[in-house]
There are 2 protein chains.
Amino acid sequence: MKKPVVLKLGGSVITDKSREFTPNLTNISRLAKEIYRSGLNSLVLVHGGGSYGHPLAFKYGFSGEGVEERRVEGVSEIHLAMSRLNNIVTEEMIKAGVKAVGVHPSSCIVARSGKIELFEDEPIKGMLRCGLIPILFGDVVFDLERRFTIISGDQIVSTLAVKLNSPQIIIGTDVDGLYTRDPKLYPDAKLIRFIRLSELEEIRESIGESTVTDVTMGMYGKVNELLPAIERGVTVKVINATVPDRLFKALKNMEVLGTVIVRG
Amino acid sequence: MKKPVVLKLGGSVITDKSREFTPNLTNISRLAKEIYRSGLNSLVLVHGGGSYGHPLAFKYGFSGEGVEERRVEGVSEIHLAMSRLNNIVTEEMIKAGVKAVGVHPSSCIVARSGKIELFEDEPIKGMLRCGLIPILFGDVVFDLERRFTIISGDQIVSTLAVKLNSPQIIIGTDVDGLYTRDPKLYPDAKLIRFIRLSELEEIRESIGESTVTDVTMGMYGKVNELLPAIERGVTVKVINATVPDRLFKALKNMEVLGTVIVRG
């Protein structure tokens, strides 16, 4: 099995975050074509929830210290919504010629206190061996301590990259990369083009939180979730996937605007 | 965890087999209400593919000795169709008050030569412990020998019943139970109300095949797939789930028209 690139497409890219249960079909369809054009056939895709996941996650108390019983009430609804979004993404991929197969995290992952404890990846490895592209998503999964928990797409990305010995993670978001300050609040924020893990600690405070409320805790949280992979030597590229051709260039290892994060 | 009943709802019950990609919403909705009314909260549901699965399975050569490359071509399309049907079934269950969660077999099962080789069931056990009802389906899964294979709902039912120590399997189909001959061809066919495994061999030839062509090989194939569970002492009830209240009575352990199959 060729070592796969792990690609995350954020909820802010593939959905309209201002309207509940609204996919951004323009972006999904364009990104599907960029993936197809890249010719890359060793790839795992993980997408976020956006307006399919976050409002329901809030409603059922998955942000912060929710009540377990309330969370269990929400599992059916949240998982069904995410499954629908996964089908939409998968369908657009197939239309573009990408051999996509939806994979449900809640069917193969068990968590403990919000962290992945068990992840059966043999089905994913089999798909990759056959040239198929598994498409996972941030999902609500059984948790041995909390009954149910939301495992973010970023945590899945990081775990998969380690399990599959991926050389590279690409994070497709709606900003150009990591900034010295939150660019949505401060116009003097500067894009960081390249950073080592050892330097990251220093600028963490200045990265701050996303302006859009997000159960995955914004950009700081995203980078934090990726640490286990970065520490093992996986290179992370953060790009703006709402801008045409950025993903294509990142997949082709061409020069592209964004932030590269490496170990060391 | 209370030992769950494993319920199969056949593709002929939940879809219109004569029209591609057409759910039988009347049946699904009624059965969802019967499950809710039964009050049973330790239940796993597995559904068939019907007009969502079988035409595509034929198209891509999954019946008989298909070509591996051709089968891999079909995986994306078949799994997406089945995922859609699963969402429809799950949605109707939720509407009726059943705490349903879709579980994708291709995300947690690996096969070898058409038989289940690996089945990660911890997520399903977790859901059951929280009173949720996992809903699986016959699916196209990675196969260590054949690249991809279709694992029937019946094989999943049998494997799950053994893994979860289920006392009982209920097979909801579109006939009243097992007959001495195929009732769709022979008007003198008699319904078998109770049969021991030791007697089954004698009447196997007379059961014959379903009149509707079916990649799961008809009623004989169905019973055959259930043998591992029956041999371990799981009681199988075959009922006609297209007739109102039969499923409700079976779930409540009330007297109901059908066939009971036991070991011994």
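User: How many residue pairs are in polar contact across the interface of chain B and chain A?

Analyst: The rule finds 11 residue pairs in polar contact across this interface, both residues being at pLDDT 80 or more, where a polar contact is a pair of N or O atoms within 3.5 Å; within protein, one must be able to donate a hydrogen and the other to accept it, and residues adjacent in sequence count only if both atoms are side-chain atoms. This is a predicted model, in which local features need pLDDT of at least 70 and side-chain atom pairs count only at pLDDT 80 or more, while totals for chains, interfaces and linings use all residues. Residues are numbered from 1 along each chain as its sequence is written, chains are lettered from A and ligands numbered from 1 in the order in which they are written, and side-chain values use heavy atoms, with hydrogens and water left out.

User: What makes B:Lys99 and A:Glu73 a salt bridge?

Analyst: The N to O distance between their side chains is 3.5 Å, and a salt bridge requires a side-chain nitrogen of Lys or Arg within 4 Å of a carboxyl oxygen of Asp or Glu, so the pair qualifies. Across the interface of chain B and chain A, the rule finds four salt bridges.

User: Why is helix 3 of chain B called largely enclosed?

Analyst: Seven of its 10 residues (50-59) are buried, so the rest of the structure largely encloses this helix; buried means under 20% relative accessible area, exposed over 50% and partly exposed in between (1.4 Å probe, protein chains only). Among the buried residues are B:Tyr52, B:His54 and B:Leu56. Helices (H or I, at least four residues) and strands (E, at least two) are DSSP runs, numbered from the N terminus. The cover includes helix 1 (11-14), helix 4 and strand 8 of chain B.

Terms used. Contact = heavy atoms within 4.5 Å.
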